[in-house]
Amino acid sequence: MSERWLLAWGTGYAAVGAASLLIPLYAIELGAGAFLVGAMASTAAFAGVPGAILWGRLAAKTRRRRPFILVALASVAGVLGVIPLLGSPWTLLVANAALWFVVSAAAPVLNLIVVEGAATADWDVRIGRLNAVQGYGWVAGLVLGTVWTATVARMVPAATAQELLFLVLAAMSAAATLAAVRWYPERPTTSPERFARVFHRLNRPDWGAGRYLRATPYGTTRLYWGIREWVDARRRGRHPGGSFDAPLRRYLIAVALFSVGFAVFWGPMPVYLTESGASTGTVFVLFLLANAGSAVCYSPVGRIVGQRGPYALQAVALGGRTLLFPGVAIVGIAAPAIAPYANAVGFTLIGVTWALIAVTATGIVTRLAAEPVRGYALGAYTAIAGIGTGLGSVLGGGVAEVAGYPATFAGAGLVVLAALGLFQRSIGFDGARSNATA
């Protein structure tokens, strides 16, 4: 696959990474509250799924892929270019949904492109490379937002600086579109049907930084193919969920719980930080620290899991989040003078715990699932986590507006604590034995 093509897509994804935080921050400038910002995070989780399903079917029917990729990049440029003209937070909610619809719609098409012409054994490497480009592009966008708000925002009003950044991001996406027109590879021939047949055999933990460099969201690529595989299996009369053992079913319920808890914490977070007096630049820095904490720990965690197994590490990570989530609110109330520094440490640690959870979760599902249903179990895990993220985001925003941020963050910690208890029950003696013998 052309490295130049990856550069074009990665540039567009950098614009998306910056916009993922810039849109809610701009909505706050326009008067949005915690519920609306949480709803924005929820639409980011949900809007992409129908886009991916619709475009995946259209690409399969037309056997064309180039138009879908170019439309995705051009649409990102168009949406980001229009946002400064919008005057209502609710119109920003619609714009955010449109952004994630077009970005995520490209996911199944991108997968087919990157594996074109490669042996099945090399598909993991190809997909991992795509995900890494997207992940590092995402972080590059956060870096750009951090630098921009630390410089330009000092010279003009905050809202003006944000509007100018939207135009810069739109220009980046437009440049990426032009680069894709020039560098797009030859028309691929790998069919969606063949990709779907192979999907459940792929080694998904090796899919790289596209997911692990992000603090909360689950990638639409995995969610789309997992849902498609699950639906196709049931249409063929196979019911993989009925073959899941009790420990696996309990663990998947735990996944649903902790995914909701994570999103309850993150959904209203931009509003909380802004109302606590943090500048736009500070918010970008904190989210960047969370992503950096994940990035730095991803590879070391993988090595530790290989030596000691995943169970204890995930328990530690979930336990850490039960303390860190309410800790953010406690420090903000009890010691506001040191809250910015405590938040920097806290967000970094939260990012570290995400690396622990992201790396260990697929390993746990793999261990708990029987070989015939392992691929389906991984698809179910991805779908459940994605749905939990969408539901938790809007729930967190609603609770924050009704009960306040301390109750919201404490509630998020309690939900994760409940997930931890169910997780411990799901692994039982087998998990302890696996850790001891790994």
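Contact here means heavy atoms within 4.5 Å. The model is a predicted one.

**Exercise 1. Describe how helix α4 packs against helix α8.**

Solution. 
- Step 1: get the geometry. Two packed helices are described by the angle between their axes and the distance between the axes. Helix α4 covers residues 66–82 and helix α8 covers residues 158–183. Their angle is about 165°, and their axes lie 7 Å apart.
- Step 2: name the orientation. Angles over 145 degrees count as roughly antiparallel. α4 and α8 are therefore roughly antiparallel to each other.
- Step 3: α4 and α8 cross in a left-handed way.
- Step 4: list the contact residues. α4 supplies R66, L70, L73, A74, V76, A77, L80 and G81. α8 supplies F166, L167, L169, A170, S173, A174, A176, T177, A180 and V181.
- Step 5: sort by class. The contact of α4 with α8 has 14 nonpolar, three polar and one charged residues.

**Exercise 2. Repeat the analysis for α4 and helix α5.**

Solution. 
- Step 1: get the geometry. Helix α5 runs over residues 89–105. α4 and α5 pack at about 165°, with axes 9 Å apart.
- Step 2: name the orientation. This angle makes α4 roughly antiparallel to α5.
- Step 3: The crossing of α4 past α5 is left-handed.
- Step 4: list the contact residues. From α4 come A72, S75, V76 and V79. From α5 come A95, A98, L99, V102 and V103.
- Step 5: sort by class. The contact of α4 with α5 holds eight nonpolar residues, one polar and no charged.

**Exercise 3. Classify the ring pairs of F265 with W266 and with F409.**

Solution. 
- Step 1: set the rule. Rings pair if their centres lie within 6.5 Å. By this rule there are 17 aromatic pairs.
- Step 2: take F265 and W266. Their ring centres are 5.2 Å apart and their planes meet at 80°, so the pair is edge-to-face. F265 and W266 are both buried.
- Step 3: take F265 and F409. Their centres are 5.1 Å apart, with 55° between the planes, and the pair is tilted.
- Step 4: locate the partners. F265 belongs to helix α12 (residues 246–266) and F409 to helix α18 (residues 405–437), so the pair ties together parts 144 residues apart in sequence.
- Step 5: check burial. F265 has a relative accessible area of 0% and is buried. F409 also counts as buried, at 0%.
- Step 6: widen the view. Ring pairs link a cluster of F258, F262, F265, W266, Y272, F287, F325, F347, W354, Y405 and F409.

Terms used: Residues numbered from 1 in each chain as written. Predicted model: local features only at pLDDT ≥ 70, side-chain atom pairs only at ≥ 80, totals over all residues. Heavy atoms only, no water. Axes fitted to C-alpha atoms, helices over the stretch in contact; angles between N-to-C directions. Helix = DSSP H or I, 4+ residues; strand = E, 2+ residues; numbered from the N terminus. Parallel < 35°, antiparallel > 145°, perpendicular 65-115°, else oblique. Left-handed = near helix turned anticlockwise from the far one by under 90°. Nonpolar A, V, L, I, M, F, W, Y, C, P; charged D, E, K, R; others polar. Phe/Tyr/Trp six-rings, centres within 6.5 Å; stacked < 30°, edge-to-face > 60°. Buried < 20%, exposed > 50% of the residue type's maximum accessible area, 1.4 Å probe, protein only.
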